[in-house]
Amino acid sequence: MGGSAGSPLFGGGFVVAAYARNMTRALLIVDVQNDFTEGGALAVSGGDAVAQGISALLREHAADYDVIVASRDWHEGSGDNGGHFSADPDYVDTWPVHCVSGTEGAAYDPLLETAAVTHHVFKGQGRPAYSLFEGVTETGETAAGILSAHGVTTADVVGIATDHCVRASALDAIAHGVHVRILTDLVAGVGADSSAAALAELAHAGAELVDTGTGTGTGTGTGTGAEPDARTRPDAGAAREASTEGDAE
Ligand SMILES: [Zn+2]
């Protein structure tokens, strides 16, 4: 056969040396959990597609990240977790019961492949916690500590929900001092308008909005402008296609 004189990926010992070390990248995966995807207690339309898109990104690019931090909302089963749960939620500051620690709803969506995740953080134990930076790992590490320890300079942010926990996590990442990129096709929001507003706010705060072409999410809720109540319908979005051409913003 001949001719294949060593693949650049597997042929030699120079792969690691080929990486410049002046840019260190993190991927922050926010709350891709059963209760936030189709069929969950607080289902966000497009959540399953986001889980699949992130998995596709990880299959192609996990090695491009120095650390991959994933968060889970992880509430207590008793009490209202500091006023976070309500029997009459306003979907702004109060929410139906969701992501109770150890339950199926709090587990990662099975469509999210987590093998490449290097750090798992838990947040919201007994209190509201929107940002991944409010969480801790089982050994007590915070996202800020992890990013600092690895000298991270750029953080890509993906997950659920654009207008709540993605927004809060990205703002905290910016405040931490790293360059933040929101991968807009790998986030899904509760409301279309509030998600668009969140992305505008993040861009104004210095985040870069990047469409990776990997996922099918629109970043701004369903992207159809229809059904303002779709956020609580477990079947919403299941049959919806995101690729309507000529979509008017
Ligand atoms: Zn919560």
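Analyst: Two residues are in contact if their C-beta atoms, placed from the backbone, lie within 7 Å. By this rule, and leaving aside neighbours within four places in sequence, Ile160 is in contact with Val30, Asp31, Val32, Phe36, Val44, Gly47, Val50, Cys165, Val166 and Ala188. The model is predicted: local features need pLDDT of at least 70 and side-chain atom pairs count only at pLDDT 80 or more, while totals for chains, interfaces and linings use all residues. Residues are numbered from 1 along each chain as its sequence is written.

User: Why is Asp31 called buried?

Analyst: A residue is buried if 20 or more other C-beta atoms lie within 10 Å of its own, exposed if 12 or fewer, and partly exposed in between. Asp31 has 32 other C-beta atoms within 10 Å, and therefore it is buried. Asp31 sits in the loop between strand 1 and helix 1. Its phi is near 50°, a positive value in a residue other than glycine.

User: How do you know that the span of helix 1 agrees with its number of residues?

Analyst: The expected span is 1.5 Å times one less than the number of residues. For the 15 residues of helix 1 (residues 47-61) this gives 21 Å, and the end C-alpha atoms are 21 Å apart, so the values agree.

User: Against which strands do the buried residues of helix 1 pack?

Analyst: They pack against strand 1 (25-30), strand 4 (154-160) and strand 5 (179-188). Among the buried residues of helix 1 are Val50, Ile54, Leu57 and Leu58. Strand 5 is itself mostly covered, with nine of its 10 residues buried.

User: How do you know that strand 4 and strand 5 pair, and in which direction do they run?

Analyst: Two strands pair if DSSP finds at least two bridges between them. Six bridges join strand 4 to strand 5, and the two run parallel; Val157 stands opposite Ile182 in strand 5. Strand 1 is likewise joined to strand 4 by six bridges, in parallel, with Leu27 opposite Asp156 in strand 4. Strand 5 and strand 6 (residues 208-210) are parallel partners over three bridges, and here Ile182 faces Leu209 in strand 6.

User: What makes strand 3 and strand 6 edge strands?

Analyst: The open sheet has six strands in the order 3-2-1-4-5-6, with parallel pairing. Strand 3 and strand 6 each pair on one side only.

User: Which residues touch the most other members of the largest nonpolar core?

Analyst: A nonpolar core is a set of buried Ala, Val, Leu, Ile, Met, Phe, Trp, Tyr and Cys residues joined through C-beta atoms within 7 Å. The largest has 52 residues, of which Leu28, Ile54, Val157 and Ile160 touch the most other members. Strand 1, helix 1, strand 4 and strand 5 are among the elements that each supply at least two residues of this core.

Note on methods
Helices (H or I, at least four residues) and strands (E, at least two) are DSSP runs, numbered from the N terminus.
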